[in-house]
Amino acid sequence: MENITAFTGDDPESQVRKNETMNSYFGVILYQIHVGVSGNSARTHIREYGKNIVVDNEDFNDDVADVVDELSDSLQDAEIHTTSDLMQSLTDENETVEALGDTFDTYMRNARNSESVDKFIRNIKQNVKYYHDLNEDGGLIGSLRYNEISEDRLKELQKYMRDLNQLSKELFSKYGDEIR
């Protein structure tokens, strides 16, 4: 809880942390607008942000600072007068918004998983089931067909699977080292 009290002072460091948190919060809200989170879902996400990230957010603020600055600069340069203009600007900055969202999702997942060993293992089990089902369905989900996916995108998928394979080998070894 000492990190929360660091936000309440008037010293310069406290002000810097407040500003960094407001900037990262701004980015999270824009990300949620971009992906279409609204109503009760938006309130739930923001509560979880407050509960899981704001409490100890220096790392999160550092990780998203450049992306939020880039997004902020882009939006300031755009002619935004309506919600539609904002949505178009966010679409134009899709890669930047996705990078912010990926970081946010990672921090949220890590915060939720750190609550208990059971939740952590359940999350890994769900991911394994997802990849098992993906493999059983021929490598694609839903109604996707290979003829709808470009060769570049297939190479991208292949790269991610290679990365996943390597990471899984490394994690398997780490868990084995802890057993010994």
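## Helix α4

Helix α4, covering residues 58–77, contains 20 residues and reaches 28 Å from its first C-alpha to its last, close to the 28 Å expected at 1.5 Å a residue. The model is a predicted one.

The buried residues of α4 are Phe-60, Asn-61, Val-64, Val-67, Val-68, Leu-71, Ser-72, Ser-74 and Leu-75. These buried residues pack against four helices: α2 (12–35), α3 (39–52), α5 (83–92) and α6 (94–113).

## Packing of α4 on α6

Two packed helices are described by the angle between their axes and the distance between the axes. For α4 and α6, the axes come within 9 Å and cross at roughly 165 degrees. Angles over 145 degrees count as roughly antiparallel, so α4 is roughly antiparallel to α6. The crossing in which α4 passes α6 is left-handed.

On the α4 side, the residues that meet α6 are Asp-59, Phe-60, Asp-63, Val-64, Val-67, Val-68, Glu-70 and Leu-71. Their counterparts in α6 are Thr-96, Val-97, Ala-99, Leu-100, Thr-103, Phe-104 and Tyr-107. Among the α4 residues in this contact, Phe-60, Val-64, Val-67, Val-68 and Leu-71 are also buried.

## Packing of α2 on α6

Helices α2 and α6 pack at an angle of about 110 degrees, and their axes are 9 Å apart. The range from 65 to 115 degrees counts as roughly perpendicular, and α2 and α6 are therefore roughly perpendicular to each other. The crossing of α2 past α6 is left-handed.

Gly-27, Val-28, Tyr-31, Gln-32 and His-34 make the contact from α2. From α6 the contact involves Asn-94, Val-97, Leu-100, Gly-101, Phe-104 and Asp-105. Val-97, Leu-100 and Phe-104 of α6 are in contact with α2 and also meet α4.

Gln-15 is located in helix α2. Its relative accessible area is 33%, so Gln-15 is partly exposed. From Gln-15 to Gly-101 the C-alpha to C-alpha distance is 25 Å, and the two are 86 residues apart in sequence. Gly-101 is one of the α6 residues that contact α2.

Leu-164 belongs to helix α8, which covers residues 151–179. Leu-164 is partly exposed, with a relative accessible area of 33%. Asn-127 is 37 residues away from Leu-164 along the chain, and the C-alpha atoms of the two are separated by 11 Å.

Definitions and conventions. Residues numbered from 1 in each chain as written. Predicted model: local features only at pLDDT ≥ 70, side-chain atom pairs only at ≥ 80, totals over all residues. Heavy atoms only, no water. Helix = DSSP H or I, 4+ residues; strand = E, 2+ residues; numbered from the N terminus. Expected span 1.5 Å × (residues − 1). Buried < 20%, exposed > 50% of the residue type's maximum accessible area, 1.4 Å probe, protein only. Contact = heavy atoms within 4.5 Å. Axes fitted to C-alpha atoms, helices over the stretch in contact; angles between N-to-C directions. Parallel < 35°, antiparallel > 145°, perpendicular 65-115°, else oblique. Left-handed = near helix turned anticlockwise from the far one by under 90°.
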